[in-house]
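We will start with the whole chain and then stop at a few residues.

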Amino acid sequence: MSTYTVLSEATSLEDKLKALQAIERELPAVFIVMNVEKDYVEYMSENGRRQLDVSMETLQAMGHSYYDTYFSPHDVADYLPKITAMLSAPAEKDAAVTFFQQVRLARHLDWSWHLGTTRVFMRNAKGIPTHVITCAIPIDPLHHVSSKVNRLLEENNFLRRNQHIFAALTKREKEILRLMALGFSAGEIAEKVHISEKTAVTHRRNIKSKIGAQSGYDLTSFAQAFDLI
């Protein structure tokens, strides 16, 4: 019987962790087993602990602060609710959540991008998840796809940071923002939306203030991010 079969058929947490430890060095990824009942890291593969320069005991003692210590809060705020929803959904053997995350590795000032996938690792006798396992794979910064991934992730981060600002704009302000981003003057905007030029000027000033735009480029970037143009 292969180690992979042993891992899938093991019934106790101890047996599953032993099976995982037996194969983890053969796989190009970091494995993290989280105890979702007590909210702490139950186990992290050796190569992961080496990259973070941390002991298993220290990881376990961190509790929920593990996320704040090593991961971007913007990323956590995006994928953690999805994992929580997966755990509360009816049991599905192959259900998983896949996401990009920025990790702060030991002795590195910059974030390191990883692709992660999380699924249920253990359930109790009632079928309620007690542990999840995450497989995290680093994205090579020199790989041709990295620039595209970084661009998409930056756009996603921009949307998250500014969603509340966009939501606070009125329907009229969004309409005028679109015209501003397209390069229309206050007079042209007034004619198109049937308001006075003075009112159009006031709208333009208020919109710039609300979204923090300092230039035409800022206006265009904001409008593009929210699919106004």
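The tour goes from overall form to single sites.

**Before you click**

This is a predicted model, with local features needing pLDDT of at least 70 and side-chain atom pairs counting only at pLDDT 80 or more, while totals for chains, interfaces and linings use all residues. Residues are numbered from 1 along each chain as its sequence is written, and side-chain values use heavy atoms, with hydrogens and water left out.

**Select the whole chain**

Switch to cartoon view and you will find eleven helices and five strands; these are DSSP runs numbered from the N terminus, with H or I of at least four residues for helices and E of at least two for strands. The C-alpha trace spans about 80 × 40 × 30 Å along its principal axes. The radius of gyration is 24 Å, whereas a compact globule of 229 residues would have one near 17 Å. That radius is taken over C-alpha atoms, and the globule rule is 2.2 Å times the number of residues to the power 0.38.

Now colour two ranges: domain 1 is 13-138 and domain 2 is 145-226, with bounds from an automatic or database domain assignment. Their C-alpha centres lie 38 Å apart.

Of the 229 residues, 40% count as buried; buried means under 20% relative accessible area, exposed over 50%, and partly exposed in between, with a 1.4 Å probe and protein chains only.

Ser12 sits in the loop between helix 1 (3-9) and helix 2 (13-23). Its relative accessible area is 27%, so Ser12 is partly exposed.

Most residues other than glycine have a negative phi. What is phi of Asp53 near? For Asp53 the value is near 55°, which is positive. Asp53 belongs to the loop between helix 3 (46-52) and helix 4 (56-62), and with a relative accessible area of 51% Asp53 is exposed.

His194 also has a positive phi, near 65°. Look for His194 in the loop between helix 9 (186-193) and helix 10 (197-211). Does His194 count as buried or exposed? His194 counts as exposed because its relative accessibility is 72%.

**Select helix 7 and Leu159**

Helix 7 covers residues 146-168, and Leu159 is part of this helix. Leu159 is partly exposed, at 27% relative accessibility. Which residues does Leu159 touch, leaving aside its neighbours within four places in sequence? They are Ala225 and Phe226, where contact means heavy atoms within 4.5 Å. Leu159 and Phe226 are 67 residues apart in sequence, yet their C-alpha atoms are 7.5 Å apart in space.

Finish at residues 171-181, which form helix 8. Show the side chains of Glu173, Ile176, Leu177, Leu179, Met180 and Ala181, which are buried.
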